[in-house]
Structures are given as C-alpha cells and as structure tokens.
Amino acid sequence: TSAAAPAPARPAPVQVPLAPRPPQQLFDRSGAMLRDDKVSVPLSGEFRVILHTLEGQVKRGGLKNPDLGEDAIALEGSAGTEPIARTRVKAIFFMLPPGARSPNPTGAKVRVTFVDGRQVAGFSSDHQTAGPGFFVVPADNRTNTERIYIYRHGVQHVAVEG
C-alpha cells in the first residue's frame, strides 16, 4: 500500500493592520441626511457673517471665536449679542474681509438642496464627515462670500457633481 502524500504546508497567517473605521454614512443613497452629531467645530478669529435660519430670517453680524457645534450661535450686532439656537440655523455665510480674494476651491463639487428647496453650489472637502455641518466654498467667486457653513439638519439632499 502506498502512503498518502503529506499535505502542503500552509503559509503562516499575515497580520494585517485594521484600517481606521470610516465615519458612519451621513447620507443615504438618495442624498437624504441620516444624522446630525454634536461635535465641536471651533474657529479662531472674528468673522463678518450672514446667518440664514430655517424660518427664512436673514441676520447680519459678527462672530468671535465661535464654536459652530455649540447649542447656540452668539451673533454680535449693533444691538448687542443675540444667541440663536443652532437648531434654527440653516447656514452661516462667512464674508470675505475687505480687499481679500476668494479662496481656491478644493474638494468635490456639490449642490446642496436645503429643506426649503433653495440650493447652493460649490466645493466641499468635508461634506461626508461627522459633525453638525460642513463647509462649502461657493462655485461663484464673484460674491463676497468666502465660505458657507451648512448645518446638516437644514439639508434635504447633497448631490456630488461631475
């Protein structure tokens, strides 16, 4: 009788480092928002802004060292500081300082549709990251807007273009 051939040696298992876990998907396949996290979004400096609320109000003023993830945004105006609940804010338009040029756009070209049907187009590098919102640099560089912080709770759909 013949003996069975020995089984081939198996290679030793290779340890593969685990990749960092990607952030949970924030939008479903249709582009609808899935969640709105409370995450700190601190900015350093003083900014001239135009704040748009979900109710359709437009407020002008300034922000000093804001944290856009806080429960209230402290908008400074001629009548003093007005706290505005973050849940009421749709977007904050950060205006260019006098004489400054628009930043070079980076990231994906996106079209954001708000829950009220209005849209904004621009470029965003962080539209799929965790947090209460994301920045968009407007596609139209003829405006005085440097960038826009868009709160996810005011977004109906984000379309990535081209």
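Glutamate 82 and lysine 59 pair up through their side chains in a salt bridge, 3.0 Å from N to O (a salt bridge being a side-chain nitrogen of Lys or Arg within 4 Å of a carboxyl oxygen of Asp or Glu). This link joins distant parts of the chain, with glutamate 82 in strand S4 and lysine 59 in strand S2, 23 residues apart. Strands here are DSSP runs (E, at least two residues), numbered from the N terminus. Keep in mind that this is a predicted model, where local features need pLDDT of at least 70, side-chain atom pairs count only at pLDDT 80 or more, and totals for chains, interfaces and linings use all residues. Residues are numbered from 1 along each chain as its sequence is written, and side-chain values use heavy atoms, with hydrogens and water left out.

**Salt bridges**

- Lysine 59 counts as buried at 17% relative accessibility, while glutamate 82 is partly exposed at 32% (buried is under 20% relative accessible area, exposed over 50%, partly exposed in between, with a 1.4 Å probe and protein chains only).
- A search of the whole structure turns up six salt bridges.
- One of them pairs glutamate 55 with arginine 88, whose closest N and O atoms are 3.2 Å apart.
- That pair also links distant parts of the chain: glutamate 55 is in the loop between S1 and strand S2 (58–64), arginine 88 in the loop between strand S4 (80–85) and S5, 33 residues apart.
- Arginine 88 is partly exposed, at 27% relative accessibility.
- Aspartate 140 and arginine 142 make another salt bridge, with 2.9 Å between the closest N and O atoms.
- Here aspartate 140 is partly exposed at 31%, and arginine 142 is exposed at 72%.

**Around threonine 53**

- Leaving out residues up to four places away in sequence, threonine 53 touches Arg88, Val89 and Lys90 (contact means heavy atoms within 4.5 Å).

**Aromatic rings**

- The whole structure has four aromatic pairs (rings of Phe, Tyr and Trp, the last by its six-membered ring, with centres within 6.5 Å; planes under 30 degrees apart are stacked, over 60 edge-to-face, the rest tilted).
- Phenylalanine 47 and phenylalanine 94 have ring centres 5.4 Å apart and planes at 90 degrees, so the pair is edge-to-face.
- Phenylalanine 47 is in strand S1 and phenylalanine 94 in strand S5, so this pair ties together parts 47 residues apart in sequence.
- Both phenylalanine 47 and phenylalanine 94 are buried.
- Phenylalanine 94 and phenylalanine 135 have centres 6.2 Å apart and planes at 55 degrees, so that pair is tilted.
- Phe47, Phe94, Phe135, Tyr149 and Tyr151 form one aromatic cluster.

**Charges over rings**

- The charged end of arginine 147 sits over the ring of phenylalanine 94, 5.3 Å from its centre (NZ of Lys or CZ of Arg must be within 6 Å of the ring centre and within 35 degrees of the ring normal).
- The charged end of lysine 90 sits over the phenylalanine 114 ring, 4.9 Å from its centre.

Definitions and conventions: Helices (H or I, at least four residues) and strands (E, at least two) are DSSP runs, numbered from the N terminus.
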